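Please examine the sequence and the three-dimensional structure shown below. The paragraphs that follow lead from a metal site to the overall architecture and then to individual residues.

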Amino acid sequence: MDTAVWNETEFMHITARPLSGTLGAEIGGVDLSRPIEDQVFAEVREAFHRHLVIVMRGQRIEPEHLVTFTEKFGSAEPHPLGSRRGLGDHPNVMVLENKPGKPGPRNDFWHSDISFDDVPPLGSILYAIEVTEGRADTMFCNMYEAYEGLSAGLKSVLDGMTAQHSAEKLVQEVPNRLSVDVSPPSVTHPVVRTHPGTGRKALYVNPHYTLNFTGWTPEESRPLLDMLTARATRPENVFRHHWRAGDVLMWDNRCAMHYAVRDYDDTMPRLMYRTTAAGDRPY
Ligand code: OGA
Ligand code: MN
C-alpha cells in the first residue's frame, strides 16, 4: 500500500478540482518543470487515487521532466510491441502525432492500455504540445463504479473469474505500426482486480483487448463483455477531457478505461508526448 490517510480535508500544497461526478480532477500548484517535493508528490498521488485522472494545465516541460514525473509512479516503459515512435534521445517518450499525410494512431475504442501484457502499466501520461481546439477529446470511465454498480449476484460470479487479454486486434490493425507481426500469447487477468494503492475493487476487462472469459468461447463472452462495457461507459460514469496545449494528463489504467474521440482528420494537427508508468501484476 502506498497511500496515506487524508480524510476529506483539503490538500496543503495542491488544489484538486473535480471535473465530473465520477472521475477527473484538475490539479493546481504543481510545476512539472521543477523538482517536486515529497510532500507535494504525496498529495498528487493521493489526488490521482481519488480521482483516477488528473490534469495539470499550463505546463511547459521538456521530455526529461515528463520522464522524471512518470518515474515517481513506476519506471517509464516503451511500448512492448513498439506501437509508437519514441523520441531519439528518450525512447520511452512516445510521440503521438497527427499531421497532413500522416494520420495519428487510432484509439477510438474503450480500453485499458496494454492490458494484454502480463504486468500491464499503472498509468499513462499525455503531454499536449499542439492541439486543434475542440477536436480529439479523450474520454475516461470509472471502473470502480462499473463494478460497484452491479448486483451482488453478478459481482460474486465475476469475483471468481479470469479473462484472456490479447494484442490480436492491434496486430491486425492496418496500417500496423508494431515491431511484431504475430500477437504474443494471450495473458490471463482477474476480471475484478484490487487496486494496490487504494484497496478498492475495479472491473478489469475491456472490449478491445479482452478476448474471452477463461473457459468461455469468445462468442459466449462477447454479450457479457458488451453489457459490462455499456454499464461502465454510461454518460454519468464518463469524464470527457477537452485538450489545451500545455495539459499534462495522467490516467490510472488499473481502474479506468479510456477512448480517443476520432472527430478529426489529418488536416487538424495534434502532437502529444506519451509516457507509460510500469505497474504490478493484477490480483
Ligand atoms: C493512448 C491513447 C488517447 C488519445 O495513447 O494510449 O489511448 O487521446 N491516447 O490520444
Ligand atoms: Mn490508450
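Which residues coordinate the manganese ion (ligand 2)? In this predicted model, local features need pLDDT of at least 70 and side-chain atom pairs count only at pLDDT 80 or more, while totals for chains, interfaces and linings use all residues; side-chain values use heavy atoms, with hydrogens and water left out. Residues are numbered from 1 along each chain as its sequence is written, and chains are lettered from A and ligands numbered from 1 in the order in which they are written.

The manganese ion (ligand 2) is coordinated by NE2 of His111, OD of Asp113 and NE2 of His258, at 2.1 Å. Donors are here N, O and S atoms within 2.8 Å of the metal (3.2 Å for Na, K and Ca), and sites may look incomplete because water is not among the atoms. Along the sequence, the donor residues follow the spacing H-x1-D-x144-H. His111 belongs to the loop between β5 (90-98) and β6 (123-130), and His258 to strand β15 (residues 256-260), so the pair ties together parts that are 147 residues apart in sequence. Both His111 and His258 are buried, where buried means under 20% relative accessible area, exposed over 50%, and partly exposed in between (1.4 Å probe, protein chains only).

Most residues other than glycine have a negative phi. Leu52 is another residue other than glycine with a positive phi, near 70 degrees. Leu52 lies in the loop between α1 (38-51) and β3 (53-56) and is buried, with a relative accessible area of 1%.

How many helices and strands does the protein contain? The secondary structure comes to 6 helices and 16 strands, assigned as DSSP runs numbered from the N terminus (helices: H or I, at least four residues; strands: E, at least two). The radius of gyration is 18 Å, close to the 19 Å that the globule rule gives for 283 residues, so the protein is as compact as a globular protein of that length. This radius is taken over C-alpha atoms, and the globule rule is 2.2 Å times the number of residues to the power 0.38. Taken along the principal axes, the C-alpha atoms fill a box of roughly 50 × 50 × 30 Å. Of the 283 residues, 53% count as buried. Among contacts (heavy atoms within 4.5 Å) with a separation of 6 or more, 81% involve residues 24 or more positions apart.

Arg84 lies in the loop between α2 (63-70) and β4 (85-87) and, at 17% relative accessibility, counts as buried. Leaving aside residues up to four places away in sequence, Arg84 touches His79, Met94, Val95, Leu96, Pro105, Asn107 and Arg274. Arg84 and Arg274 are 190 residues apart in sequence, yet their C-alpha atoms are 9.3 Å apart in space. Asp265 is found in the loop between β15 and β16 (270-277); at 37% relative accessibility, Asp265 counts as partly exposed. The C-alpha atoms of Asp265 and Gly104 are separated by 8.8 Å, although these residues are 161 residues apart along the chain.
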